[in-house]
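Keep the sequence and the model side by side.

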Amino acid sequence: MSRVDKTNYYLDIAQTVAARGTCLRRNFGAIIVKNDQIVSTGYVGAPRGRQNCSDLGFCTREKLNIPRGERYELCRSVHAEANAIIHAPRTEMLDATLYLVGIEYNSGEYVQNANPCSMCKRMIINAGIAKVIVRDTREKYRVIDVQDWIDNDESLDGTKGY
């Protein structure tokens, strides 16, 4: 049995975290790692005390045929990246790496071209996270330098997070 490399090890953990998600569209898992220590984890789910879409049996955005990357104010969930950031002290996130994996609810496939939404990008920037690694397939992933999001502000041209 071969030893898994460190990046895929953390992505595997993020994928396991995604399995806790309660979204009926797509579930993401995020973990924040600094100096080879997991600082925090997060998955998609409604705020504490509120019912999840999986409890209600429907997704408002799905019902209204809202495209991916739009109208997040209608979503019941807190995103995985946001949940991971909320549960970590900023001092532990400075220069850390956030690992992100998205799984389509209906097919179980990886979310194609997954990327944090605009709001999550802002939180990642303010948290001081240096790098985001996103799994595209079981073997492939992308490494994003957060400084690129600072230098190339998508909010100025209306580009969506996805």
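Glu104 and Arg26 form a salt bridge, with their closest N and O atoms 3.5 Å apart. Glu104 sits in strand β3 and Arg26 in strand β1, so the pair ties together parts that are 78 residues apart in sequence. Both Glu104 and Arg26 are buried. The model is a predicted one, and every value here is computed from it.

Five strands form an open sheet in the order β2-β1-β3-β4-β5, and the pairing is mixed. Strands β2 and β5 are the edges, each pairing on one side only. On average, neighbouring strands are turned by 20 degrees against each other, direction ignored.

Strand β2 covers residues 37–43 and runs antiparallel to β1, joined by six bridges. Gly29 has Tyr43 in β2 as its bridge partner. The hairpin of β1 and β2 has two residues between the strands, and Asn35 there takes a positive phi near 50 degrees.

Move on to β3 and β4. Strand β3, residues 97–104, pairs with β4 in the parallel sense over four bridges. Tyr99 stands opposite Ile133 in β4. Between the two strands the chain passes through helix α6, residues 118–127, and this β-α-β crossover is right-handed. Strand β4 spans residues 131–135, and four of its five residues are buried.

Strand β5, residues 141–145, runs antiparallel to β4, with five bridges between them. Val132 stands opposite Ile144 in β5. A hairpin of five residues joins β4 to β5.

What lies across the strands? Helix α1, residues 6–18, lies across β1, β2, β3, β4 and β5. Helix α1 runs at about 135 degrees to β1.

Helix α1 also carries a charged link to the sheet. Asp12 forms a salt bridge with Arg135, their closest N and O atoms being 2.9 Å apart. Asp12 belongs to helix α1 and Arg135 to strand β4, so this pair ties together parts that are 123 residues apart in sequence. Are the two partners buried or exposed? Asp12 counts as partly exposed, at 22% relative accessibility. Arg135 is buried, with a relative accessible area of 0%. Arg138 joins Asp12 and Arg135 in a network of salt bridges.

Another pair involves Asp136 and Arg142, whose closest N and O atoms are 2.9 Å apart in their salt bridge. Asp136 has 19% relative accessibility and counts as buried, because the limit is under 20%. Arg142 is partly exposed, at 26%. The structure holds seven salt bridges.

The largest nonpolar core has 23 residues, and Ile32, Leu98, Ile124, Ile129 and Val132 touch the most other members. At least two residues of this core come from each of β1, α4, β3, α6, β4 and α7. Another core lies apart from it and has 11 residues, among them Ala14, Val33, Tyr99 and Ile133.

Which residues does Ile32 contact, leaving aside its neighbours within four places in sequence? Its contacts include Gln37, Ile38, Val39 and Ser40. Ala84, Ile85 and Met93 are also among them.

Terms used: Residues numbered from 1 in each chain as written. Predicted model: local features only at pLDDT ≥ 70, side-chain atom pairs only at ≥ 80, totals over all residues. Heavy atoms only, no water. Buried < 20%, exposed > 50% of the residue type's maximum accessible area, 1.4 Å probe, protein only. Pairing = 2+ DSSP bridges. Right-handed = clockwise from strand over helix to strand, strands pointing away. Core = buried A, V, L, I, M, F, W, Y, C linked by side-chain atoms within 4.5 Å. Contact = heavy atoms within 4.5 Å. Axes fitted to C-alpha atoms, helices over the stretch in contact; angles between N-to-C directions. Salt bridge = Lys/Arg side-chain N within 4 Å of Asp/Glu carboxyl O.
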